[in-house]
Amino acid sequence: MRISKFEDIESWKKARALTNEIYQATASGQFVRDFGLKDQINRASVSVLSNIAEGFERGGDKEFLQFLAVAKGSCGEVRAQLYVALDQGYFSADVFERLSKKATEVSRLISGFMKYLKRSALRGNKYN
C-alpha cells in the first residue's frame, strides 16, 4: 500500500488518539494544577504525531527515519511522565495502564515502520 499523506500512517493515527486521551487525562483533578508536568506531557504527546507528519512531509527517507526516531523518543518521554503522574496520584492505575499501553503500541508501530523503511526499496524524492 502506498502512503500518499501522513494521515494514512497508522502510527500517526494512533498517536493522535493517544494525544487526545493525554489531553483529557490532564484536564481535570490535581493534574490540571501541575502546570509543568501537564505542559510537558501534552507537548511530548503532540511531538509524536508532529514528528511523524513533519518527517513524512520532508520527502526524504533518511530524514523521515530521523523524525520517526524523534517521535519514538517522545513516546518514551510520555511513558516516563505517566509514571510521574501515577506516583503523584494524578490518576488511577487503570488510567495509567491504558495510556501506557497506548504509548507502547505507538512506539512499537513506529519501530516497525522504521524497520520496514530501512529494508524497503522505497526512497523519498530527495534520494532517487
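User: What kind of model is it, and how is it numbered?
Analyst: It's a predicted model, where local features need pLDDT of at least 70, side-chain atom pairs count only at pLDDT 80 or more, and totals for chains, interfaces and linings use all residues. Residues are numbered from 1 along each chain as its sequence is written, and side-chain values use heavy atoms, with hydrogens and water left out.

User: OK, how many helices and strands are there?
Analyst: The protein chain has 4 helices and 0 strands, in the order α-α-α-α along the sequence. Helices (H or I, at least four residues) and strands (E, at least two) are DSSP runs, numbered from the N terminus.

User: And the box its C-alpha atoms fill?
Analyst: Roughly 50 × 20 × 20 Å, taken along the principal axes.

User: How much of the chain is buried?
Analyst: Of the 128 residues, 42% are buried. Buried means under 20% relative accessible area, exposed over 50%, and partly exposed in between (1.4 Å probe, protein chains only). The chain exposes about 7,300 Å², with carbon and sulfur atoms supplying 50% of that; the areas come from the Shrake-Rupley method with a 1.4 Å probe, and for residues only the protein chains shown count as cover.

User: What share of the contacts comes from residues 24 or more positions apart?
Analyst: 70% of the contacts with a separation of 6 or more, where contact means heavy atoms within 4.5 Å.

User: Now the core. Which residues have the most contacts inside the largest one?
Analyst: Val48, Ile52, Leu68, Leu82, Phe91, Leu99 and Ile110, in a nonpolar core of 34 residues. The elements giving two or more residues to this core are H1 (10–25), H2 (35–58), H3 (61–87) and H4 (93–119), and H4 gives the most, with 9 residues. A nonpolar core here is a set of buried Ala, Val, Leu, Ile, Met, Phe, Trp, Tyr and Cys residues joined through side-chain atoms within 4.5 Å.

User: Tell me about H4, then. How far does it reach?
Analyst: H4 has 27 residues and spans 39 Å from first C-alpha to last, close to the 39 Å expected at 1.5 Å a residue; the expected span is 1.5 Å times one less than the number of residues. Its buried residues, including Val95, Phe96, Ser100 and Met114, pack against H1, H2 and H3.

User: What does Leu99 touch?
Analyst: Leu18, Glu21, Ile22, Ala25, Leu82 and Phe91, leaving out residues up to four places away in sequence.

User: Switching to charges: how many salt bridges?
Analyst: There are 7, each a side-chain nitrogen of Lys or Arg within 4 Å of a carboxyl oxygen of Asp or Glu.

User: Which residue pairs with Arg98?
Analyst: Glu21, with the closest N and O atoms 2.8 Å apart. Arg98 sits in H4 and Glu21 in H1, so the pair ties together parts that are 77 residues apart in sequence.

User: Is Glu21 buried or exposed?
Analyst: Glu21 is buried, at 15% relative accessible area, while Arg98 is partly exposed at 39%.

User: And Lys102, what does that one meet?
Analyst: Lys102 also forms a salt bridge with Glu21 (2.6 Å, N to O). That links H4 to H1 across 81 residues, and Lys102 is partly exposed at 29%.

User: What about Arg58, which partner does it have?
Analyst: Arg58 pairs with Glu54, closest N and O atoms 2.6 Å apart. Both lie in H2, 4 residues apart, about one turn of the helix. Arg58 is partly exposed at 34%, and Glu54 is partly exposed at 36%.
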